[in-house]
Amino acid sequence: MKFDGKRFLEEIDAILGTEFGTTLSSAEEKEMYVALTKAVKRLVLADRKAPAEGKRCAYFSAEFLMGRSIFANLLNLGLLDDARKAFASIGQNLNRFEDVEDAALGNGGLGRLAACYLESAATMGIPLDGYGIRYRYGLFKQTFEDGYQHEEGDDWTKWGDPWGMRVERDSVIVEFADRSVKAVPYDAPVFGYRNGVINNLRLWSSEPVQPFDFSAFNEMKGEHTAEENFAATKICDVLYPNDNTMVGKMLRLRQQYFMVSASLQDIVRGEKRKGHDLRELDRYFCFQLNDTHPVLAIPELLRLLQKEGLSFEEAFALCRKCFNFTNHTIMAEALEKWDALALSDLLPDVYAQIVRCQQQLESDGLDPARCFIIRDNVIHMANLAIYVSAKVNGVARIHTDILKTETFADWYAVYPEKFVNITNGITPRRWLLLNNPELAHEIDLRIGEEWHTDLTQFRRLTPFADEMLPAFRALKRRNKERLAAYIKEHEGVELSPDFIFDVQVKRLHEYKRQLLNALSILYFYFGIKDGEIEEFPPTAFLFGAKAAPGYYNAKAVIKFINEIAKLVNSDEEVSDKMKVVFVQNYNVSYAEKIVCAADISEQISLAGMEASGTSNMKFMLNGTVTLGTMDGANVEICEEAGAENEYIFGATVEEVAAVKRFYCPRELTETNPRLKRAVETLVDGTFPDEKGMLKRLHDSLLSDYQPDRYLVLYDFAEYVRVKEELLRDYGTEEFDRKCLFNICAAGKFSADRSVKEYAELIWNL
Ligand code: 26W
């Protein structure tokens with residue numbers, strides 16, 4: 001595409017004039033953002049071709065954690081540098097759009113994975129479209145008050161949603177037992193990296209069927225319509241902020257049905273318009289279910305196909321070819337189950353289809369004690385998904401193995417051929433080219449640009465590792481300076497880029513063990529204060545995490561770490577040795593700044609609990625060593641980079657099972673006085689605890705009932721030992737070489753590889 005900077009600016013100016021009555025020199029930030037986006041869309045969508053004929057995959061997901069689109073889209077369109085120059089020519093800086101809100105329509109790993117896969121599929125030329133919900137409010141915004149987490153609504157369209165396009169004509173009606181609502185789609189283009197491919201993300205918004213009924217209003221029934229309107233819009237009001245815990249809220253069930261019913265009605269209607277025979281739907285479509293949240297798609301498609309004249313048997317056989325299911329967690333509390341009575345009240349026709357599936361299962365001769373969909377009036381969504389899907393996949397090798405041998409062992413015994421592993425990946429465009437342009441440039445200089453779309457090329461970097469060291473050190477340093485400046489501005493804490501940046505960023509969950517990290521900081525702190533530790537390499541401990549608003553222990557960990565930060569950062573005696581910061585409102589944009597500036601990537605979940613992890617891959621790609629357990633994708637990271645280039649500790653999956661049988665954590669604190677002192681700060685008045693939160697954390701470790709379920713204290717000693725080793729190694733040439741070897745070995749973790757595996761092994765595209 002030929003880019004003409006002058007014309008581009010004229011176009012923006014014209015849009016500013018017609019839309020806002022302003023000009024290039026006087027427009028406000030948000031006006032400029034809208035105009036820029038519109039100008040880009042005109043440039044690239046004007047001659048958009050209809051997608052090629054042939055099979056497409058629809059990725060059904062309750063979450064798409066897209067982050068900020070403006071820079072990523074410009075990059076993929078090959079316009080980022082041009083747009084920067086054009087803006088510079090009128091004395092403006094493209095960075096002014098760093099204040100554009102993230103589209104945080106997701107909680108964490110699962111939602112961000114969906115976003116990476118959309119981008120990678122477009123880049124790989126794979127026909128994949130996303131379908132989800134256009135939440136009015138995304139994941140809450142987090143602030144700290146007195147060290148406690150506070151939540152606020154996330155008005156992500158505050159500056160408009162210029163990438164989204166309302167497609168009124170594709171609206172459908174979604175029916176619940178008590179009311180019907182209108183589903184209106186908003187489409188956002190998904191651009192492949194410099195290849196002209198444009199896939200689609202379709203997010204549904206709920207609206208009243210009849211916007212405002214004047215006749216009812218005149219007949220004094222106005223209140224009823226207002227209520228109806230409120231109920232309709234409410235469905236898409238807000239993203240549920242739970243990550244890994246099922247809450248059986250009816251509104252959540254409505255959201256799930258709303259999304260899949262709208263998407264499938266839309267797809268079925270489209271197929272009919274094209275004159276396709278619905279009996280051959282599998283020739284044109286397949287559906288990827290992103291965890292259990294969209295699994296109602298199965299009974300809904302059964303229902304729709306029968307409405308179109310297919311028999312149950314025909315519809316069922318088709319569904320078995322079209323649906324596939326990805327599991328993202330083995331935690332029992334995350335596996336969705338719905339009360340059969342509640343579901344049948346809200347969605348009687350859908351419930352009838354689920355019952356038919358259960359009957360089918362029994363007539364297939366499956367042992368109802370082991371394989372069931374409905375039992376004791378509870379509907380098990382994962383089981384429904386496994387039973388009907390063609391393929392079921394886990395998201396890292398160790399995770400898929402656990403699915404086969406434990407979580408879904410009874411199903412694996414019946415359908416071994418259904419189970420496949422697809423190890424997660426991340427898009428190297430956002431997570432290297434965009435967030436770490438200096439590193440990307442150094443790599444370009446040595447192996448060319450092919451790696452932008454083929455990350456396996458990174459193996460060719462290995463011979464350059466030594467020669468690249470000085471440049472790598474220098475650019476890492478600049479990234480640390482930039483992060484420190486940002487943290488100073490946003491958190492008010494001063495960090496020296498000379499310090500080691502030890503980072504743990506991810507959702508707050510007990511199994512991820514931020515508490516283990518926190519206790520180790522106190523352990524070091526007391527060691528320094530008592531003179532037991534004489535030399536301690538200056539280290540900044542950085543945290544970023546949101547806790548589900550109702551997750552008490554997770555919130556307690558945030559309070560604990562904030563109190564530790566206060567204690568440490570105000571103690572002059574240690575100010576040349578340690579600093580602690582918990583950044584507020586960790587999100588995709590913050591991650592981009594943090595990932596390129598980290599020296600240590602903390603991936604310390606209890607072995608067996610983290611399905612994969614994807615931040616571990618982001619850090620690796622940016623040249624950061626992993627301090628972690630043998631869990632999730634860490635296992636494969638070690639395999640690719642060599643365990644000697646990571647810092648591994650802790651009980652393995654096999655050991656965890658054995659330890660848990662006769663575990664007595666109190667013995668561990670009693671034999672380690674400094675650890676005991678760190679744990680006791682939770683109850684000895686070191687920190688204020690008006691709400692009794694810290695006390696409960698203490699009890700979660702040491703009470704009689706299921707103490708320390710996540711083996712924090714069990715893994716503590718080895719964690720500290722390995723961390724000390726890492727801190728000692730830091731700064732040596734050998735250490736820097738480890739960082740570079742991580743980059744060279746990161747090829748496997750490109751989402752490009754993941755989506756190609758999906759396309760080959762599952763979607764048959
Ligand atoms: C029903 C509530 C609920 C909400 C979200 C249950 C489960 C979830 C997600 C499955 C949680 C999640 O995001 N899991 C993460 O998925 C990532 C992408 O595969 C993995 O890398 C992480 O290890 C996994 O925790």
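**Close-up views of a predicted model**

**Figure 1. The whole chain, element by element.** The secondary structure of the protein chain comes to 31 helices and 23 strands. With a radius of gyration of 27 Å, close to the 27 Å from the globule rule for 765 residues, the chain is as compact as a globular protein of that length. Please keep in mind that this is a predicted model. Along its principal axes, the C-alpha trace spans about 80 × 70 × 60 Å.

Figure 2. Of the 765 residues, 62% count as buried. As for charge, the mean positions of the 92 positive and 118 negative charges lie 3 Å apart.

**Figure 3. Helix 2 from end to end.** Helix 2 covers residues 29-45, and at 1.5 Å a residue its 17 residues should span 24 Å; the end C-alpha atoms are 24 Å apart, which agrees.

**Figure 4. Helix 2 and its surroundings.** Here we look at what encloses this helix. Because 12 of its 17 residues are buried, helix 2 is largely enclosed by the rest of the structure. Among the buried residues are Met32, Tyr33, Val34, Leu36, Val40 and Leu45, and also Glu31 and Lys41. The buried residues of helix 2 pack against helix 1 (5-20), helix 3 (70-76) and helix 4 (80-89), as well as strand 7 (165-166), strand 9 (180-191) and strand 10 (198-208).

Terms used
Residues numbered from 1 in each chain as written. Predicted model: local features only at pLDDT ≥ 70, side-chain atom pairs only at ≥ 80, totals over all residues. Heavy atoms only, no water. Helix = DSSP H or I, 4+ residues; strand = E, 2+ residues; numbered from the N terminus. Expected span 1.5 Å × (residues − 1). Buried < 20%, exposed > 50% of the residue type's maximum accessible area, 1.4 Å probe, protein only. Contact = heavy atoms within 4.5 Å. Rg over C-alpha atoms; globule rule 2.2 N^0.38 Å. Lys, Arg positive; Asp, Glu negative; His and termini not counted. Charge placed at Lys NZ, Arg CZ, Asp CG, Glu CD.
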